[in-house]
Amino acid sequence: MAKQVLQKHDQSFSSRTVPDAAHALNNYKFSVIWLPPSSQWHNLRRICNSQMFSTSRLDANQSLRHNKVKELVTYIDEKCRMGQAIDIGQAVFSTTLNLISNTMFSIDLAHLNSETAQEFKFLVRGVLEEAGRSNLSDYFPVLKFVDPQGDIFVAGTDTSAGTLEWAMTELLRSPNIMEKARLELKQAIEKDKPVEESDIARLPYLQAIVKETFRLHPPAPLLVPRRAETETDVCGFTVPKNALVMVNIWAIGQDPDTWASPTLFNPDRFLGCDINFRGYDFELTPFGAGRRICPGLPLAYRMVHLMLASLIHLYDWKLEDGMKPEDVNMEEKFGITLQRAESLIAIPIKD
Ligand code: HEM
């Protein structure tokens, strides 16, 4: 069914059902996320693909991301020396924010870190308005066109940071998988040398861990709501014009007909197997598929692997207060993205 909606009838279902919240600030009139597949939307997608998330752009500005990850490492180092625990979600959230802002606009928003994504969105809007007033837009013209409301930050931050928090949760629950991942890193990268994006290709087990995290904890469990542009027949069912269409990728990830022991976190299932999340394998589509596929995928790919590898290459981790791996709370919180109900708190250890 997912393949029917996202590939065969991609054209019919490539519009969005815009939630009321996006109407409130007129976001839907400008945002690449909510626009129908109009020429305005096509232009924005083209700018995203060519100016922000192309391989050459991302290769060119990778050092900006490496520097930001080194700041995260310094923070963890300090905590490690003091034997203190870290709220993993919070630490990776602010790093992700910085990675995205550095990548897209090469401006440092570190001083704008705020408690919540909502606050941050307002701050971004402030930056944007400032840019409009003072012609700062000359420095980052792309920003003004692509994202007048800062939606891309929201789309990219919770999703990427949430993935990292779930991945770390699963690793802390499965010490043998953590050990295997750390061994792979040890063999691929010198001790104490920071991980770089160019290392990712040499880390197949780490890649399998990320895939397995996406399978069990897709950050956008129902993708982003689509809308039927025309009445469409899908496998004998009539989907009326304007119907809201959601693809439940969370359920696909847990489907026993598709996956052996679906509730088990087992990255090995992806070793020596071709399944990828680039929108062609419909058992694993955390970024969606078809013409609406997430344009931030190439950046998210680099950020998630880079941060996860950095967290576990340089440190071992243990749960606080002698908590046992099997006692970690795995509850999910209700919301647009699939976040953990309880923060993951862990103590870094230098080995
Ligand atoms: C793990 C990280 C991420 C996941 C799982 C994710 C997932 C998704 C999904 C499922 C969609 C909807 C696709 C569809 O309708 O088929 C989407 C759309 C989008 N994402 Fe991402 N995303 C991630 C990171 C990012 C990043 C880092 C950015 C940018 C910095 C970004 C920007 C966007 C935008 C602009 C759209 C709207 C595209 C459109 O409607 O044409 N995302 N994402």
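1. Gln187 is exposed, with a relative accessible area of 65%. Exposed means over 50% relative accessible area, buried under 20%, and partly exposed in between, with a 1.4 Å probe and protein chains only. Gln187 sits in helix H10. Helices here are DSSP runs of H or I with at least four residues, strands are runs of E with at least two, and both are numbered from the N terminus. From Gln187 to Leu203 the C-alpha distance is 9.7 Å, across 16 residues of sequence.

2. A note on the basis. This is a predicted model, in which local features need pLDDT of at least 70 and side-chain atom pairs count only at pLDDT 80 or more, while totals for chains, interfaces and linings use all residues. Residues are numbered from 1 along each chain as its sequence is written, and side-chain values use heavy atoms, with hydrogens and water left out.

3. The ligand is surrounded by 30 residues. A residue is counted if one of its heavy atoms lies within 4 Å of the molecule. The closest are Arg16, Trp41, Arg226, Arg292 and Cys294. By class, this shell has 20 nonpolar, six polar and four charged residues. Ala, Val, Leu, Ile, Met, Phe, Trp, Tyr, Cys and Pro count as nonpolar, Asp, Glu, Lys and Arg as charged, and the others, Gly among them, as polar. H9 gives the largest share of the shell, six residues. Helix H3 (39–52), helix H6 (88–105), H9 and H13 each supply at least two.

4. For Arg226, a side-chain N or O atom is 2.5 Å from a ligand oxygen. For Arg16, the distance is 2.8 Å. For Arg45, a polar side-chain atom lies 2.9 Å from a ligand oxygen. A polar contact is a pair of N or O atoms within 3.5 Å; within protein, one must be able to donate a hydrogen and the other to accept it, and residues adjacent in sequence count only if both atoms are side-chain atoms.

5. Arg226 belongs to strand E3 (residues 226–227). Arg226 is buried, at 3% relative accessible area. Its side chain also reaches the backbone oxygen of Phe13, at 3.2 Å.

6. Next, the second largest pocket. Its volume is about 420 Å³. On a 1 Å grid over the protein atoms alone, a pocket is an open set of points with protein on both sides within 12 Å along at least five of seven lines; a cavity is a set where a 1.4 Å probe fits but cannot get out; lining residues have an atom within 4 Å of a point. Points are joined across faces, edges and corners, and a volume is the space filled by probe spheres set on them. The pocket is lined by 23 residues, with Met178, Arg182, Ile312, Asp316 and Asp351 nearest its centre. The lining has twelve nonpolar, two polar and nine charged residues. H10 gives the largest share, seven residues. Helix H9 (151–173), helix H10 (175–188), helix H13 (297–314) and strand E7 (316–319) each supply at least two.

7. The largest nonpolar core holds 74 residues; Met168, Ile209, Phe277, Leu308, Leu311, Ile312 and Trp317 touch the most other members. H13 provides the largest share of this core, 13 residues. Such a core is a set of buried Ala, Val, Leu, Ile, Met, Phe, Trp, Tyr and Cys residues joined through side-chain atoms within 4.5 Å.

8. Which enclosed spaces remain? The structure holds three cavities of 30 Å³ or more. The largest cavity has about 60 Å³ of space. Its lining has seven nonpolar, two polar and two charged residues, including Phe214, Arg215, Glu283 and Thr285. H12 gives the largest share of this lining, three residues.

9. Two backbone angles to check. Cys235 has a positive phi, near 50°, and is not a glycine. Cys235 lies in the loop between strand E4 (232–234) and strand E5 (237–239), and counts as partly exposed at 46% relative accessibility. Asn242 has a positive phi near 70°, again in a residue other than glycine. Asn242 is in the loop between E5 and strand E6 (244–245). Asn242 counts as partly exposed, at 46% relative accessibility.
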